[in-house]
Amino acid sequence: MALPADMCVMPVLSPNEGQILNIIRRHGPVSRAEIARSTGLTPPTVATITNKLIDAQLVMDNKIGESSGGRRPLLLTVNPAAGQVIIIHIRSFKMIGYVVDAAFGVHFEHTVSIRDCNQAAVLDLIQQLIDECRYRASLPPQAIGVVVRGPVRVREGISVFAPNIGWKNVPLKYIIEEKNRLPVFVENDANILAYGEYYFGEAKDANSLVLLKVAHGIGGGIMFNGALYRGITGSAGEVGHTVIDMAGPLCSCGNNGCMEAMASETALIRLVAGAIQNGQFSIVDELVKGNLAAISPEDIYQAADDGDALALEMLSRVAGYLGIGIANLVNVFNPELVVISGGLAKAKRYIEKKVWETVDRRSFESCSSVLEIRYSTRTSVITMKGSADMAFSILAAKAAEAG
């Protein structure tokens, strides 16, 4: 659906202006000299553009930086009042709505449960949450970003398959734009997390990374030189469904022995519950009062903290499977950095050594000799920032196209 031109609040920008605006948003406070170095533009050109952005109230002088021998530079940041966007993050069992300004200030946040909701009910809840966000916003929102699990056809904004909801080929972009008359983008949650980690998290100093979001399932995102690698159909990064043991347990995708079936938090719960059912002792059994169906990852992490032998054993087993999957990815992509995010990252102290030993043993030295593996537990914050940045970047690109 073509949106009316007057919906884009952002003023018309040139490509260079859009590029500099993105740099200031992602790296501010930043000096004009640093902008010139990172863009290759001349200092006078950068000064002219930044002055125009200041006049348009998109950026502002923030503070005085440290001197490197001459006059102390003025540092630039994005003006929080330059705009607001709505972000809807659809997770496994809940949905979070945010109103976020151009400097990543959160003006409103609300969570609703989607547990046991059917497809139609989730769509209704999305619209209710958008309505609430629009009411709470202090400025008219400029765009809506929707983050979903599973593969997405980004250009069309279609959720190809959302396993937690059961959606198949749902045209979210069209549905939400039709009702709200705002630009909408739809993105996979692991891609957004990789994008967010690249600009605002563990990967800020890396040029290439593979991110694994290890929670109820396993998703992946791949970043090279500031761009997401999407593949031909936009489905790159489904690393959770790479097979690491053909004789392994059945995965939700229908294959056996996928990484998700063997190294996710769901797999961890299955291993612990199965061992307890077979007579092994664990304080996890006491924590859930014998109701093994109620075991959560947090119960297992708590048991590990208390020195529970079974919890520690199964965490080590999951770490080994995860290491095999990472070694395969390292051999294929040869990234500078692997980031392990999601719930399992909370168990870093119990899995880090085993993961690294497995990757080191099973990957080619030429691929892993300079590899770093880092852990991130800031999933929600990084997803929010990555989503908001992508929304503002899309708006800047549209403004540049209009120019």
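Asn-225 is exposed, with a relative accessible area of 64%. In this predicted model, Asn-225 sits in the loop that links β13 (218-224) to β14 (227-228). Its phi is near 50°, a positive value in a residue other than glycine. Most residues other than glycine have a negative phi, and most peptide bonds are trans. Keep that in mind as you look at the loops below, and then follow the sheets and the helix pairs.

- Which residue has an accessible area of 64%, and is it buried or exposed? The residue is Asn-225, and it is exposed because its 64% lies over the 50% cut-off.
- You can find Asn-334 in the loop between α11 (309-333) and β15 (337-341).
- Asn-334 has a relative accessible area of 40%, so it counts as partly exposed.
- Turn next to Pro-29, where the peptide bond coming from Gly-28 is cis, with omega near 0°.
- Pro-29 belongs to the loop between α1 (15-27) and β1 (30-31).

**The five-stranded sheet**

- Five strands build an open sheet, and their order is β6-β5-β4-β7-β11, with mixed pairing.
- Why does one side of β6 (106-113) lack a neighbour in the sheet? β6 stands at an edge with a single partner strand, so one of its sides is left without a neighbour, and β11 (184-188) is in that position too.
- On average, neighbouring strands of this sheet are turned by 15° against each other, direction ignored.
- Within the sheet, strand β4 (residues 84-90) runs antiparallel to strand β5 (residues 94-101), and seven bridges join the two.

- Helix α4 lies across β4, β5, β6 and β7 (144-148), and it runs at about 25° to β5.
- Helix α14 (residues 379-402) packs on the sheet as well, touching β4, β5, β6, β7 and β11.
- The direction of α14 makes about 135° with that of β4.

**The three-stranded sheet**

- Three strands form another open sheet, in the order β8-β9-β10, with antiparallel pairing.
- Its edge strands are β8 (152-153) and β10 (167-170), each of which pairs on one side only.
- Strand β9 (residues 158-162) pairs with β10 in the antiparallel sense over three bridges.
- Which residue of β10 is the bridge partner of Phe-161? The partner is Lys-168.

**How the helices pack in pairs**

- α4 and α5: the axes of helix α4 (residues 119-136) and helix α5 (residues 172-180) come within 12 Å and cross at roughly 45°.
- α4 and α5 are therefore oblique to each other, and their crossing is right-handed.
- On the α4 side, the contact is made by Leu-123, Ile-126, Gln-127, Ile-130, Asp-131 and Arg-134, while α5 brings Leu-172, Ile-175, Ile-176, Lys-179 and Asn-180.
- The residues of this α4 and α5 contact divide into six nonpolar, two polar and three charged.
- α1 and α3: the axes of α1 and helix α3 (residues 43-55) come within 10 Å and cross at roughly 75°.
- α1 and α3 are therefore roughly perpendicular to each other.
- In α1, Asn-16, Glu-17, Ile-20, Leu-21 and Ile-24 meet Val-46, Ile-49, Thr-50, Lys-52 and Leu-53 in α3.
- Sorted by type, the residues of the contact of α1 with α3 are six nonpolar, two polar and two charged.
- α8 and α10: helix α8 (residues 265-277) and helix α10 (residues 297-305) pack at an angle of about 65°, with their axes 9 Å apart.
- The crossing in which α8 passes α10 is left-handed.
- Glu-265, Leu-268, Ile-269 and Val-272 of α8 make this contact with Pro-297, Ile-300 and Tyr-301 of α10.
- How many charged residues does the contact of α8 with α10 hold? There is one charged residue, alongside six nonpolar and no polar ones.

Conventions. Residues are numbered from 1 along each chain as its sequence is written. This is a predicted model: local features need pLDDT of at least 70, side-chain atom pairs count only at pLDDT 80 or more; totals for chains, interfaces and linings use all residues. Side-chain values use heavy atoms; hydrogens and water are left out. Axes are lines fitted to C-alpha atoms, for helices over the stretch in contact, and angles run from 0 to 180 degrees between N-to-C directions. Helices (H or I, at least four residues) and strands (E, at least two) are DSSP runs, numbered from the N terminus. Angles under 35 degrees count as roughly parallel, over 145 as roughly antiparallel, 65 to 115 as roughly perpendicular and the rest as oblique. A crossing is left-handed if the near helix is turned anticlockwise from the far one by less than a right angle, and right-handed if clockwise. Contact means heavy atoms within 4.5 Å. Ala, Val, Leu, Ile, Met, Phe, Trp, Tyr, Cys and Pro count as nonpolar, Asp, Glu, Lys and Arg as charged, and the others, Gly among them, as polar. Buried means under 20% relative accessible area, exposed over 50%, partly exposed in between (1.4 Å probe, protein chains only). Two strands pair if DSSP finds at least two bridges between them.
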